[in-house]
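Here's a quick briefing to read alongside the model. Have the sequence and the 3D view open as you go.

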Amino acid sequence: MSTYGKVYQVIVVGAGHAGCEAALAAARMGCSTLLLNLSLDAVAQMSCNPAIGGLAKGHLVKEIDALGGEMARNIDATGIQFRTLNTKKGPAVRASRAQADRLQYAVRMRMVLEEQANLDLKQGSVARLVLENGRVGGVETRDGVVFNAPAVVLTTGTFMRGLIHVGLQHYPGGRAGEPPSEGLSDHLRSLGMDVGRLKTGTPARLDRRSIDFAQLEAQFGDDPPRPFSLDTKRIDQPQVPCHITYTNVRTHEVILSNLDRSPLYSGVIEGVGPRYCPSIEDKVVRFPEKENHQIFLEPEGLQSTEIYPNGMSTSLPPDVQLAFLRTIPGLEQVEIMRPGYAIEYDFVNPIQLHPTLETKAVCGLFHAGQINGTSGYEEAAAQGLIAGANAALQVKGQDPLVVGRDQGYIGVLIDDLVNLGALEPYRMFTSRAEYRLLLREDNADQRLTEMGYRAGLVGEARWEKYSDKMAGLDLGMERLREVRISPSRQEALERLGLAELKNGASLEELLRRPDLTIDDLLFLDGQLDGLPTEVLEQLEIATKYEGYIRRQLEQVERFQRNEQIVIPEGFSYQNISGLSAEVQEKLSKVAPRTLGQASRIPGVTPAAIAILSVMLRKG
């Protein structure tokens, strides 16, 4: 064993989406940071679909951007199709999604990491933690090299005891073509952590040259494409279409007749898979009444011939994969470039974490990403940002960064993990957020940028841009309320379809009409017309949904009352009269920090919260 000469303040293990955000956050906050990865050729890899965002996931990316993270800027620079989803629905559930050039995405992120001050990248496989008096003191690699730091962030992805399944064949691997991480999960288990087993999967990659696109429906992106990041002025990348096709009865027959060769249905796989992203064999078995399933053919990049068939995750043998793919319209002559596979991996139940993502078992040790039982690049990146920031804040002796459920989807994600744990891979949905009308994509910066600025994540240039936007919103609200149109302006009223207006109205009152948009009113006021598009969009939402927003703010106010009642560290729930043994056990296990958090633990009843509230108020 040898000790590396340089002492760091924060060490991040794993350079996936969580690790990249964690390392950048700590380094940007001024901490000397080391990012260790099994291979420096595999930084920010898109192991599954080549896309960022989507329903609820787009909200996470916007929040990462508002807090000073990198994911939004990276996809803006490397995206090859941008689409806004749910445009016909309300603003709370509209979401941004972008196809990425997979290779460009990884290359640019590595360049950002290499150019970041205070950040070193090194290759190595971490075998165990270095512990000093009950807290972390660094890591030791498989090669026997020790790197010292008072804070460590583990972002191990699917690599801890990773096992890849293709049909009934299986072999160790953290990803196809890459070795797993051995020893670390056993070490964490030895520290008393609850280590479990999960499963995920990916589809085959197809050769674009063997697909008959003439049979398929093309799906184009928005024109012009809308960026994720507030720092991005425009998208310069060439934009390309995706294509849609469907499975059919013949496809399903091939799959069903080969289930005996599936590791999912032969008992080979033990890990729990993602309920909301099932394999194609799962879909066919669980939904026998469906005659077809939609498949999106997504390009992997501008310079690649690989196509990702979204919706076709599978672990069936390669010959079966080829057989069922060739029953699908447009894929009759398709060639597989890489077979699909399933992967089992170890994770650590996140109920053992504080809301800061620090482990309860070891001080200074933080977990982020799939090690916490989540799925998805966006969920991982959001956790990485928070874990990296809190590692840096702890080293600097400053208060932690905690996003509340009422402040962001990041808060919902982490609150769910630490209170509910993970029995299956966790995926973010808008339905998980009680206050989703307040947690829209368009106002992510209003909710979180000031928080990121105080923590040192958001730089001065972004803060000035945010301040200018807020000034524009103030001006816009002022103009909407003060500018009035009188009945004498017949030409303007006729243009708006309001010839019957008798008493005049303010622009705000006109905007509340369902048949008018803010664009319809711009000709009435030059100052309003001069405001940026994103400001006008927020003015329209704030005006049209004012009543709903006010009611949700009242709900948040009631929610915050319990959030402000702090439970002292080390508080004992034993022998409190009126609390059942089950409730005492649940509260002791989670160790909630506030009465609000305690109320969200499954099995903790309203009556128990009332008793606890009285006890805490008495001191």
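Glutamate 114 and arginine 110 sit together in helix α4 (residues 102-115), four residues apart, or about one turn of the helix. Helices here are DSSP runs of H or I with at least four residues, strands are runs of E with at least two, and both are numbered from the N terminus. The side chains of glutamate 114 and arginine 110 meet in a salt bridge at 2.7 Å, N to O; the term stands for a side-chain nitrogen of Lys or Arg within 4 Å of a carboxyl oxygen of Asp or Glu.

Bear in mind that this is a predicted model, where local features need pLDDT of at least 70, side-chain atom pairs count only at pLDDT 80 or more, and totals for chains, interfaces and linings use all residues. Residues are numbered from 1 along each chain as its sequence is written, and side-chain values use heavy atoms, with hydrogens and water left out.

**Salt bridges**

- Glutamate 114 counts as partly exposed at 47% relative accessibility, and arginine 110 is partly exposed too, with a relative accessible area of 26%. The cut-offs are under 20% relative accessible area for buried, over 50% for exposed and in between for partly exposed, with a 1.4 Å probe and protein chains only.
- A search of the whole structure turns up 41 salt bridges.
- Arginine 175 and glutamate 178 join their side chains in a salt bridge of 3.0 Å, N to O. Arginine 175 is buried, as its relative accessible area is 13%.
- Arginine 234 and aspartate 236 also form a salt bridge through their side chains (3.0 Å, N to O). Here, both arginine 234 and aspartate 236 are exposed.
- A network of salt bridges links Arg28, Asp65, Glu70, Arg73, Arg108, Asp231, Arg462 and Lys465.

**Helix α2 and what follows**

- Helix α2 (residues 57-66) is mostly covered, with ten of its ten residues buried.
- Among those buried residues of α2 are His59, Leu60, Val61 and Asp65. Asp65 also belongs to the salt-bridge network with Arg28 and others.
- Just after α2, glycine 68 takes a positive phi of about 95°.

- Strands of a sheet pair through backbone hydrogen bonds, either parallel or antiparallel. Pairing is called when DSSP finds at least two bridges between two strands.
- Strand β12 (residues 163-166) pairs with strand β21 (residues 341-348) in the antiparallel sense, over three bridges. Leucine 163 stands opposite glutamate 344 of β21.
- β12 also pairs with strand β13 (residues 169-172), again antiparallel, over four bridges. Valine 166 has glutamine 169 in β13 as its bridge partner.
- Two residues lie between the strands in the β12 and β13 hairpin, where glycine 167 takes a positive phi near 65°.

**The six-stranded sheet**

- Six strands make an open sheet in the order β16-β17-β18-β19-β15-β20, with antiparallel pairing. At the edges are β16 (217-219) and β20 (336-338), each of which pairs on one side only.
- Neighbouring strands of this sheet are turned by 35° against each other on average, direction ignored. The axes behind that angle are lines fitted to C-alpha atoms, for helices over the stretch in contact, and angles run from 0 to 180 degrees between N-to-C directions.
- Within the sheet's order, strand β17 (residues 242-246) and strand β18 (residues 294-299) pair over four antiparallel bridges. Tyrosine 246 has its bridge partner, glutamine 294, in β18.

**Buried spots and a surface patch**

- Threonine 430 is in the loop between α10 (409-420) and α11 (444-455). Threonine 430 is buried because its relative accessible area is 18%.
- Leaving aside neighbours within four places in sequence, threonine 430 is in contact with Ala56, His59, Ala92, Val93, Tyr409 and Arg436. Contact means heavy atoms within 4.5 Å. His59 is one of the buried residues of α2.
- Glutamate 140 lies in strand β9 (residues 135-141) and is buried, with a relative accessible area of 14%. The C-alpha atoms of glutamate 140 and valine 320 are separated by 43 Å, and the two are 180 residues apart along the chain.
- Leu256, Tyr265 and Val285 make a nonpolar surface patch of about 240 Å². Patches take residues with over 30% relative accessible area and no salt bridge, joining like charges within 9 Å and nonpolar side chains (Val, Leu, Ile, Met, Phe, Trp, Tyr) within 5 Å. The areas come from the Shrake-Rupley method with a 1.4 Å probe, and for residues only the protein chains shown count as cover.
- Leucine 256 belongs to helix α6 (residues 249-256) and is partly exposed, at 44% relative accessible area.
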